[in-house]
Amino acid sequence: MPLLKIVHYPEPVLLAVGKPVGDGSFANGFRHTVEDMFETMYAAGGVGLAAPQVGSSQRFFVMDVPLENGEPNKLVFANPEILHVEGEQVGDEGCLSFPGLYQQVKRDMRVIVRAQDVAGNEFEMDLDGLAARCVLHETDHCDGIVFLDRMTVLKREMAKRKIRHLKKTGKWE
Ligand code: NI
């Protein structure tokens, strides 16, 4: 299966609110799309990848934040909805649509999310730490929000300067 092309900021699809995944999609080919997304994410060395990042304006994402014992943990979240958040974590964040850019972002420490799985079945999940950070980052992608929007003004200006530099030196297309 060929890998999907990951689009880079500021592609308009990254800044648009995705369409909900409909019942028809779950019945038809969604599983294949999801497998392509996982392959693309693993090949790029990411822990999360949302549909808009491969040019598809839809509200779903895949993620694999390994468990504490190192086992993979492949998860699909379609039509994600954040039900509850609490606490706070500050840490460096990256994004496959912002190659080479890592910047500090403040996120909630714990999140309860409701979504649909690859078959369209609804589930709720309670996550914290890196998994919570990832769910928040990827749910943002589904809503046309990028991590630049979650930085402090100062960090955002630093990030934009870095992006300009990366573009000028041909490290960002
Ligand atoms: Ni991202």
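**Nickel site and charged contacts**

The nickel ion is held by Cys95 (SG), His137 (NE2) and His141 (NE2), at 2.1 to 2.2 Å. Along the chain, these donors follow the spacing C-x41-H-x3-H. Cys95 lies in the loop between β4 (89-93) and β5 (103-107), and His137 in helix α3 (residues 129-142), so the pair ties together parts 42 residues apart in sequence. Both Cys95 and His137 are buried. The model is predicted.

The structure contains 11 salt bridges. One of them pairs Arg59 with Asp143, with the closest N and O atoms 2.9 Å apart. This pair links distant parts of the chain: Arg59 sits in the loop between β1 (48-50) and β2 (60-64), Asp143 in the loop between α3 and α4, 84 residues apart. Arg59 is buried, at 13% relative accessible area. Asp143 is partly exposed, at 27%.

Arg114 forms a salt bridge with Glu81, the closest N and O atoms being 3.7 Å apart. Arg114 belongs to strand β6 (residues 110-116) and Glu81 to strand β3 (residues 74-86), so the contact ties together parts 33 residues apart in sequence. Arg114 is partly exposed, at 26% relative accessibility. Glu81 is also partly exposed, at 40%.

Glu93 bridges to Arg133, with the closest N and O atoms 2.5 Å apart. Glu93 is in strand β4 and Arg133 in helix α3, so parts 40 residues apart in sequence are tied together. Glu93 is buried at 4% relative accessibility, and Arg133 is buried at 6%. Shared partners join Glu93, Arg107, Arg133, Asp140 and Arg150 into one salt-bridge network.

On the surface, Lys160, Arg161, Arg164 and Lys168 gather in a patch of positive charge. Lys160 lies in helix α4 (residues 153-168).

Notes. Residues are numbered from 1 along each chain as its sequence is written. This is a predicted model: local features need pLDDT of at least 70, side-chain atom pairs count only at pLDDT 80 or more; totals for chains, interfaces and linings use all residues. Side-chain values use heavy atoms; hydrogens and water are left out. Patches are made of residues with over 30% relative accessible area and no salt bridge: like charges are joined within 9 Å, nonpolar side chains (Val, Leu, Ile, Met, Phe, Trp, Tyr) within 5 Å. Accessible areas come from the Shrake-Rupley method with a 1.4 Å probe; for residues, only the protein chains shown count as cover. A salt bridge is a side-chain nitrogen of Lys or Arg within 4 Å of a carboxyl oxygen of Asp or Glu. Lys and Arg count as positive and Asp and Glu as negative; His and the chain ends are not counted. The place of a charge is taken as NZ of Lys, CZ of Arg, CG of Asp or CD of Glu. Helices (H or I, at least four residues) and strands (E, at least two) are DSSP runs, numbered from the N terminus. Donors are N, O and S atoms within 2.8 Å of the metal (3.2 Å for Na, K and Ca); water is not among the atoms, so sites may look incomplete. Buried means under 20% relative accessible area, exposed over 50%, partly exposed in between (1.4 Å probe, protein chains only).
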